[in-house]
Protein chains: 2
Amino acid sequence: MIDSRATLVNGVPGAQVSAFDRGLHYGDGLFETLRCEQGRVRWFDRHLARLGAGCMRLGIAMPDSALLRSEVEAAVAEAGMERALVKIIVTRGESRRRGYRPGGDERVTRIVSAYPWPGPIGAEFRVGLSPVTLGSNPQLAGIKHLNRLEQVLAQRAAAAAGLHEVLMRSERGEVVCGSMSNVYLWQERELLTPGLADCGVAGIVRALVLELAPRLGLAVRTGRVSVAQLADARAIIVSNVRLGLQPVHWYEGRPLEVDVRGARLQELIDGTH
Amino acid sequence: MIDSRATLVNGVPGAQVSAFDRGLHYGDGLFETLRCEQGRVRWFDRHLARLGAGCMRLGIAMPDSALLRSEVEAAVAEAGMERALVKIIVTRGESRRRGYRPGGDERVTRIVSAYPWPGPIGAEFRVGLSPVTLGSNPQLAGIKHLNRLEQVLAQRAAAAAGLHEVLMRSERGEVVCGSMSNVYLWQERELLTPGLADCGVAGIVRALVLELAPRLGLAVRTGRVSVAQLADARAIIVSNVRLGLQPVHWYEGRPLEVDVRGARLQELIDGTH
């Protein structure tokens, strides 16, 4: 459940925002979901770098990093949680006019909320192929912006189907990512993961996988992934900041193997900060 | 400028919403912009029908129509405006959990705001071709949902280029619509307007054009429109609830003609309610 005490809006405790905020009106903003353990914020610099890249792409002024870090720490401390997920939302701010066109004089809105660590996944992580596709737009690809209706619709259908996660295709039919994760197929000597030039989010854990896998003698290839390759895959993993590297036990009704190299890669990821 | 006195959130005067609203977090909702003149709300039933179609598509409970109408009228009365634009935002509501997946137990949020009628456009309506493209997604096409970053980026670039409006292409390169309007090319015996199966919003005025044009002996053809057809067009109009049928005087540096049939079509539209 949400805890409005562990929320700061522009640095002030509270859980209300302006009804004229452009984040609400247009999804005109960005977010990050951070993992906090024993008061330590994991991969803060990486989250900040992605947020900064998103702000640059949208022409939104990036909030001060020391300020954001202090707000994240304050939200976690207020919540008094051993482990938490902290969501940062940054929007272009309250609009003083009607219409899509930014005024240029908006003041950025920051919302920082600590959420309790979610419960365990269960023994079997079940994944399907989503009927909801992803629109392609290179100008929005990779960044974690607030236009997430495709993911909402995908998760809504996933819930109805009793699935933890669903993999999503572009309009062209290529596999891109999960609704809340990146995806990887285990191959003989490499991991294959879709490129993200046209849609999808460039995950923090995905970047760690790309950096660390070579230490295990494992190449990671980014490129096109087809639905047929998924259907033939021996082992699949998905990743995000909450799950880390999550083996998929069941894909579209078919049991999958768990590749032992995943656990070794997870250990390397656990050693980063 | 905005006027928070003329805003109702779930029927209560005020201009604050929950920082946990899914409209803010994911753009998980819909909106309508209505024209009000001398206390009369134009095309209310049409707006309501589109809103209802959007709610159906997203699985959001549609608010009661009499309630929405009374809130629109109250906002306009409070604002004391002769002419106003009223924006209705309907979201899935406040989320009690983190994550894209709807809980199913959210209570819909309604935000109704009256905005002053905008100032005149000026003598020359200048339009360009946007460098920002539209992602395709048939599940989101036609409805007026809150995921509008593409339109924001397009209007941001339009402002920098000194343009009133920009026309947007799909990823495939086909012309779809303006960032805040539908578009039509005048042909010898017909109006040509892009189909909206993959992206774009099914405008209220666009529907009126499709219905009323035959009364002038004018066919309206919906179909593919190429950038080359725009470049060759003799006369172009755009439409939305604020502008009505707006002749384009200048497209990408080229002066256009104003087709007299537009004024006759506008008269027919003015006669509807």
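Author: Two strands count as paired if DSSP finds at least two bridges between them. Helices (H or I, at least four residues) and strands (E, at least two) are DSSP runs, numbered from the N terminus. Residues are numbered from 1 along each chain as its sequence is written, while chains are lettered from A and ligands numbered from 1 in the order in which they are written. This is a predicted model, so to speak of local features we need pLDDT of at least 70, side-chain atom pairs count only at pLDDT 80 or more, and totals for chains, interfaces and linings use all residues.

Reader: What is the strand order of the open sheet in chain B?

Author: Five strands, β10-β9-β8-β16-β17, with mixed pairing. At the edges of this chain B sheet you'll find β10 (175-178) and β17 (254-255), each pairing on one side only. Helix α4 (residues 149-160) of chain B packs on the sheet, where α4(B) touches β8 and β9 (165-169) of chain B. The direction of α4(B) makes about 135° with that of β9(B). (Contact means C-beta atoms, placed from the backbone, within 7 Å; axes are lines fitted to C-alpha atoms, for helices over the stretch in contact, and angles run from 0 to 180 degrees between N-to-C directions.)

Reader: And which order do the five strands take in chain A?

Author: β10-β9-β8-β16-β17, forming an open sheet with mixed pairing. In chain A, β10 (175-178) and β17 (254-255) have a single partner strand each, so one side of each is left without a neighbour in the sheet. A:Leu167 has A:Gly178 as its bridge partner in β10(A). As for the helix, α4(A) packs on the sheet, touching β8 (126-129) and β9 of chain A, at about 135° to the direction of β9(A).

Reader: How many residues does the hairpin between β14(A) and β15(A) run through?

Author: Three. Strand β14 (residues 236-240) and strand β15 (residues 244-247) of chain A pair in the antiparallel sense over four bridges, and A:Asn240 stands opposite A:Gly244 in β15(A).

Reader: On to helices. At what angle do α5 and α7 of chain A pack?

Author: Two packed helices are described by the angle between their axes and the distance between the axes. For α5 (residues 204-212) and α7 (residues 261-270) of chain A, that's about 105°, with the axes 10 Å apart. That makes α5(A) roughly perpendicular to α7(A). (Angles under 35 degrees count as roughly parallel, over 145 as roughly antiparallel, 65 to 115 as roughly perpendicular and the rest as oblique.) A:Val205, A:Leu208, A:Val209 and A:Leu212 of α5(A) make the contact with A:Leu265, A:Leu268 and A:Ile269 of α7(A). By class, this α5(A)-α7(A) contact has seven nonpolar, no polar and no charged residues. (Ala, Val, Leu, Ile, Met, Phe, Trp, Tyr, Cys and Pro count as nonpolar, Asp, Glu, Lys and Arg as charged, and the others, Gly among them, as polar.)

Reader: What rotation superposes chain A on chain B?

Author: Two copies of a chain are related by a rotation about an axis and a shift along it. Here the rotation is 180° with 0.0 Å of shift along the axis (RMSD 0.0 Å), which is the relation of a two-fold axis. (Superposition is by least squares on the C-alpha atoms of residues with pLDDT of at least 70 in both copies.)

Reader: How many residues does each chain bring to the contact?

Author: Chain A brings 49 residues and chain B brings 49 residues. α4(A) gives the most to the side of chain A that touches chain B, with eight residues. By class, that side of chain A has 22 nonpolar, 17 polar and 10 charged residues. 100% of the interface residues of chain A are also interface residues in chain B, so the copies meet through the same surface.

Notes:
Two residues are in contact if their C-beta atoms, placed from the backbone, lie within 7 Å.
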